[in-house]
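Open the model in your viewer and keep the selection tool at hand. The tour goes from one selection to the next.

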Amino acid sequence: MTITRPQATSGRVRDAPTDRETVPSSTGAERRRGRIRAWTGSALRDVVYCGAVLAWSIAGFTILVTGAAVTASLLFLVVGVFVWICFVHVLRWTTWIDRRLAGWQRHERVPAAYRRPTDRGFIPYLQTLSADPQTWKDMAWLGVTSIVGFAGGLAVITAAGLAATYVSMPLWYWAASHPHQEYGVTNLGFRTVDTLPEAGLAAAIGLVLIPVVLLLARWCAATHAGLAVRMLARDATP
């Protein structure tokens, strides 16, 4: 009895470190996989955000140019005052969508603060509307997003479409009637894709491009949303 008890105890002692080493290693692997899944999900969310910004930057540019031109041409007439008021409210509606998009990307609410007239009447309302700094920030933001948002969104969507085209090329490469003329697609410059092995090479290039596209989407989305918060959000300082 005095001999077998130490052997059983020593066996249990030798088994314990193995259990303690297995649990942390499996937990660490699960954490890494969780971080990768979270990062990939955020990056795909940023791709969608860049696509929405691309579409809305075109709409914002159209609204800005049309509203500014019509208001400037009619400002010296009585009707120009009402056109200006309508233009300001259209600006607020347009930037409201930009705030919602930026808040969706940053997982936070992006509030706005507009001045209210202290007195009743049309003239105080018009003065407050025209002198509100946020009105001019909204107008400036449409100019900024027409350039920055359009360029960033176009770059991300073009890169994502190119990567998807390369990855799926083994499914449709045979349908290209003139593969030598499709520069950047079936004509890669150093090789023209017209056989299945070459299509597999293009698919491998597309797989390599996917992380690059996701990184580009993350940077463009974070930059654009950060600019939106700086120009459109309510100032925290009194």
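Are D138 and R99 buried or exposed? Select both: D138 is buried, and R99 is buried too. This is a predicted model, so treat each stop as a feature of a prediction.

**The whole chain**

Show the protein as a cartoon. It has six helices and zero strands, and from the N terminus the order of elements is α-α-α-α-α-α. Of its 238 residues, 32% count as buried. Now consider contacts with a separation of 6 or more: residues 24 or more positions apart account for 72% of them. Switch to a surface view. The accessible surface comes to about 14900 Å², and 67% of it belongs to carbon and sulfur atoms.

**Salt bridges**

The whole structure holds four salt bridges.

Go back to D138 and R99. They form a salt bridge, with the closest N and O atoms 3.4 Å apart. The pair links distant parts of the chain, since D138 is in helix α4 and R99 in helix α2, 39 residues apart.

Next, select R92 and D132. Their closest N and O atoms are 3.8 Å apart, and the two form a salt bridge. This pair also links distant parts of the chain: R92 sits in helix α2, while D132 is in the loop between α3 and α4, 40 residues apart. R92 counts as buried because its relative accessibility is 18%, under the cut-off of 20%. D132 counts as buried as well, at 2%.

Then select R106 and E108. Their side chains meet in a salt bridge, 3.1 Å from N to O. R106 counts as partly exposed at 34% relative accessibility, and E108 counts as partly exposed at 37%.

**A positive patch**

Select R31, R32, R33, R35 and R37. These residues gather on the surface in a patch of positive charge. Pick out R35, which lies in helix α1, residues 4-74. R35 is exposed, because its relative accessible area is 54% and the cut-off for exposed is over 50%.

**A nonpolar patch**

Last, select V78, F82, F122 and I123. They form a nonpolar patch on the surface, and together they have about 410 Å² of accessible area. Color helices α2 (78-106) and α3 (122-131): each supplies at least two residues of the nonpolar patch. Finish on F82, whose place is in helix α2. With a relative accessible area of 45%, F82 is partly exposed.

Methods. Residues numbered from 1 in each chain as written. Predicted model: local features only at pLDDT ≥ 70, side-chain atom pairs only at ≥ 80, totals over all residues. Heavy atoms only, no water. Patch = residues over 30% accessible without salt bridge, like charges linked within 9 Å, V, L, I, M, F, W, Y side chains within 5 Å. Areas by Shrake-Rupley, 256 points an atom, 1.4 Å probe, with all protein chains shown as cover. Lys, Arg positive; Asp, Glu negative; His and termini not counted. Charge placed at Lys NZ, Arg CZ, Asp CG, Glu CD. Helix = DSSP H or I, 4+ residues; strand = E, 2+ residues; numbered from the N terminus. Buried < 20%, exposed > 50% of the residue type's maximum accessible area, 1.4 Å probe, protein only. Contact = heavy atoms within 4.5 Å.
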